[in-house]
Structures are given as C-alpha cells and as structure tokens.
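I opened this entry to keep track of what I looked up, one item at a time. The notes follow the order in which I checked things.

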Amino acid sequence: MSLFHVLQKELQETGPITLQAYMRRALTDPTYGYYIQRQPLGSAGVDGGDFTTAPEISQMFGELLGAWCADLWHRMDSPPKLSLVELGPGRGTLMADVLRAASVLPAFSKAVEVHFVEISPTLRALQAEKVPDAHWHDDLAALPASQGQPMIILANEFFDALPIQQFRKTDSGWDEMMVAEAAEALVFTERACDTAPFSPLQRLPEVETGDIVEACPDAEQVMRLLADKLTIAGGAALIIDYGYSAPSVGDSFQALHRHTYADPLANPGEADLTAHVNFSYLRDAATTSGLAGTQIVQQGAFLQALGLDVRAQALCASSPDRQRQILAERDRLAAADQMGHLFKVLGLASASCPPLAGF
Ligand code: SAH
C-alpha cells in the first residue's frame, strides 16, 4: 500500500482535505511520510537522494557557520556550557563541519552540548554516525532550556519543509486550496471561506483577484517556541532557507523527486514537498515574542561577510588539485544565479546576546 492509495481511499470517504493537511501527511505521516521512510538527501544516482543542500554541497558552509558560533560564544564571555541546537539536521553534515571548524577553540568544543530536533528515524541514525554524542528531540518544545546555559540554534532548510496553507483571493473573499480525489487521481480544488484565517502577525501583500497567498502556522508556532527557549537560556538563532524577504503573492508549493521538479500530488511520500519561506513573517513572529531580529540578508552576502573567499583560497592552497571544484562550490553557495540570492539568512537574538556577525 502506498500513501497515494491510502489518501485516495480516505478522500473518497471524507471529501477534500486542506493543502496543509495533505502536505503534513505526505511529509510526516508516521508510516508513509517522506521524512519518515526515506533518506532524502544526496546526489541522484549515487545515493538515491532527491535534493541537496548547502552543507552537502561544500564543507565551507558548515566551517563558516562553525567560526560564527565559536566567535559568538567567545563574545558571550565564553560560557562554560553552551547548547548548540540544530533543527532538521539532515545527514548531520552541517553540525559535523561546525564542530570540526570550531575545534580550533578547544574551550568552545568542551563547552558545547549538541541537541538535534529531528522527526526522521532514518536521518537520526545517519546523524548519530557523524555526531554520536548528540541529544535528540522530537520537537522544539522538548528541548531543555535553562538559565546559565546559553543556546545557539541553527536551522538550514528546515522551515521550507513545514506544511503551508494556500488561499486565493476571490471577488467575494478567499478560497482555501484543497486536495480532492477524482478519477483515480489526486487533484487541487478550492473551498470558499469568508475570511482567510491568516495570523494577525502575517502582513499581507497587495492582492488582486486570483492571487495566491501562502501561510504557515507551524512556522509561527516554531518561532514562538524558539523565542521562549532563547529568552530563558539567552543566545541566538540563525535561520537559512530559500524564500522571500517581504510579503509576496504566488504559489511556491513544489515537489522534488530525484533532483527533478515533479507533480506534488502524484506521489505523496515519495517526493520532497516544500514551499518558500516568508522571512518577514518569521522575523515578526520572533520579535513579537521578545527577540531582536537582524536584517534579512542574502546567503551570498552573508557567507562573503563571514569570509567565504578567504576560506576558499585557503582550501585551494592546501589542495591545489581540487581548486576548480572548490571554486565551483563557492559559486554554487554564493553566486546570484545559484543559491546566493534565492537563499536568505535571518539572525535572532535574546536581549542578553552580543551583536550577530555577518549582517
Ligand atoms: N538541514 C539539513 C537537512 C534539510 S532537510 C541540510 O541542510 O542538509 C529537512 C530536515 O528537517 C530533515 O532532517 C527532516 O527530517 C527534518 N524535518 C522535517 N520536518 C520536520 C519536523 N516537522 N520536525 C522535525 N524535523 C523535521
């Protein structure tokens, strides 16, 4: 039985479900969910992955974030204990690179306690190979936070995996995007609602009839928890993802299967489903809960500010035979037409935290 058949049968009985409910089932259904049963990351063909991410592309990404963490810890007056938290750590590559780079400061390595928030048992096993002494949590609510042990939270390509709602502006109000069963297929349909249940925190763009606006209540919930934890413990968060800086219209719901765009309703549980992240909404949710937010900057500019070019040159000098590859990786992370502009970075800090570098 596949999730497609399970949903087909369910929808025949119950009628349409919201896009949000569909995305949640497709990604995290306890039996059939994409993140529950598959190993999503990696090159097509080599290890059967559907998509790749910055830390999987280049060690430089994690190394620069490792230096960012160690520098911030140092400017926090080198607390003897620090929780280094990652949301959705994938294969554990980012954290392994962070820890290796930051080990130039042995006192930092000694202070660090690694915490992973991860829903996937498959990925937890891979993370344990790279970072054996991490602590795992099902969700952010379960993460321990205590005064006197500050926290640095990293989230790379985590928020794009949270289920979204979509609403379409109509002449008389809004329609919510739904998923229905019809003629042996899953199809999009719409259901009228008088007013779309947008969060009061979500600033809406200018809309015209026919425009789609997306919302992500789960993201707001995560932000609130993140703010609670940082307020208790003190510290900062770095959120990196693809998305937009100002409220925008448009349908960004997409499926990736073996590195190719796919029909998001064709193979639930088999393809990665994502949506672009609304960064201004994340920042508003965090600042309303008491954190300070940085400007939303592009990944390219952020990595350059942290020394991407210097790091690339140092790697080229120590491995001249890999020079072309290293420079190509640098461009992939930072060039405007690659990840450099589409990906954004947002920093968040508690009141007690020193200023964040790179913004
Ligand atoms: N950060 C990694 C992986 C990104 S993929 C990288 O950059 O390579 C998204 C990650 O978030 C995966 O580890 C996935 O299992 C996890 N994830 C997705 N939804 C989640 C949820 N609701 N709760 C916790 N983890 C989740």
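**Ser120.** I started with one serine in this predicted model. Is Ser120 buried or exposed? I found a relative accessible area of 0% for Ser120, and the cut-off for buried is under 20%, so Ser120 counts as buried. I then looked up where Ser120 sits. Ser120 belongs to the loop that runs between strand S3 (112–117) and helix H8 (121–130).

Next I checked what the Ser120 side chain reaches. It comes to 3.3 Å from the backbone nitrogen of Thr122. A polar atom of the Ser120 side chain also lies 2.9 Å from the backbone nitrogen of Leu123. Ser120 and Ala67 are 53 residues apart along the chain, and their C-alpha atoms are separated by 28 Å.

**Ligand site.** Which residues are closest to the ligand? I noted Thr53, Gly88, Gly90, Glu118 and Asn156 as the closest, out of 16 residues that surround the ligand.

- Glu118 places a polar side-chain atom 2.5 Å from an oxygen atom of the ligand.
- Thr53 has a side-chain N or O atom 2.6 Å from a ligand oxygen.
- Gly90 uses a backbone N or O atom, which lies 2.9 Å from an oxygen atom of the ligand.

I then looked up the cover on the ligand. Taken alone, the ligand exposes 560 Å², and the protein buries 93% of that.

**Asn156.** I picked Asn156 from the residues closest to the ligand. Asn156 is part of strand S5 (residues 151–156). Its relative accessible area is 7%, so I filed Asn156 as buried. What does Asn156 touch, not counting residues up to four places away in sequence? I listed Thr53, Ala54, Pro55, Phe61, Leu87, Gly88, Leu94 and Ile240.

How many residues of H5 are buried? I got 12 of its 17 residues, so by the under 20% cut-off H5 is mostly covered. The buried residues include Phe61, Leu64, Leu65, Trp68, Leu72 and Trp73. Glu63 is on the buried list too. I kept the helix geometry in mind here: an α-helix has 3.6 residues a turn, so residues three or four places apart point the same way.

I checked both ends of H5. Ser58 caps the N-terminal end, with a side-chain oxygen 2.9 Å from the backbone nitrogen of Met60. Just after H5, Asp77 takes a positive phi of about 75°.

**Whole chain.** I looked up 14 helices and 17 strands for the protein chain. The C-alpha trace spans about 60 × 45 × 35 Å along its principal axes. The radius of gyration is 21 Å, which agrees with the value near 21 Å for a compact globule with 359 residues.

Buried residues make up 55% of the 359 residues. The chain exposes about 15100 Å², and carbon and sulfur atoms supply 52% of that area. Last, I took contacts between residues at least 6 apart in sequence: 73% of them join residues at least 24 apart.

Key
Residues numbered from 1 in each chain as written. Predicted model: local features only at pLDDT ≥ 70, side-chain atom pairs only at ≥ 80, totals over all residues. Heavy atoms only, no water. Helix = DSSP H or I, 4+ residues; strand = E, 2+ residues; numbered from the N terminus. Buried < 20%, exposed > 50% of the residue type's maximum accessible area, 1.4 Å probe, protein only. Contact = heavy atoms within 4.5 Å. Polar contact = N/O pair within 3.5 Å; in protein donor to acceptor, adjacent residues only side chain to side chain. Near = heavy atom within 4 Å. Areas by Shrake-Rupley, 256 points an atom, 1.4 Å probe, with all protein chains shown as cover. Rg over C-alpha atoms; globule rule 2.2 N^0.38 Å.
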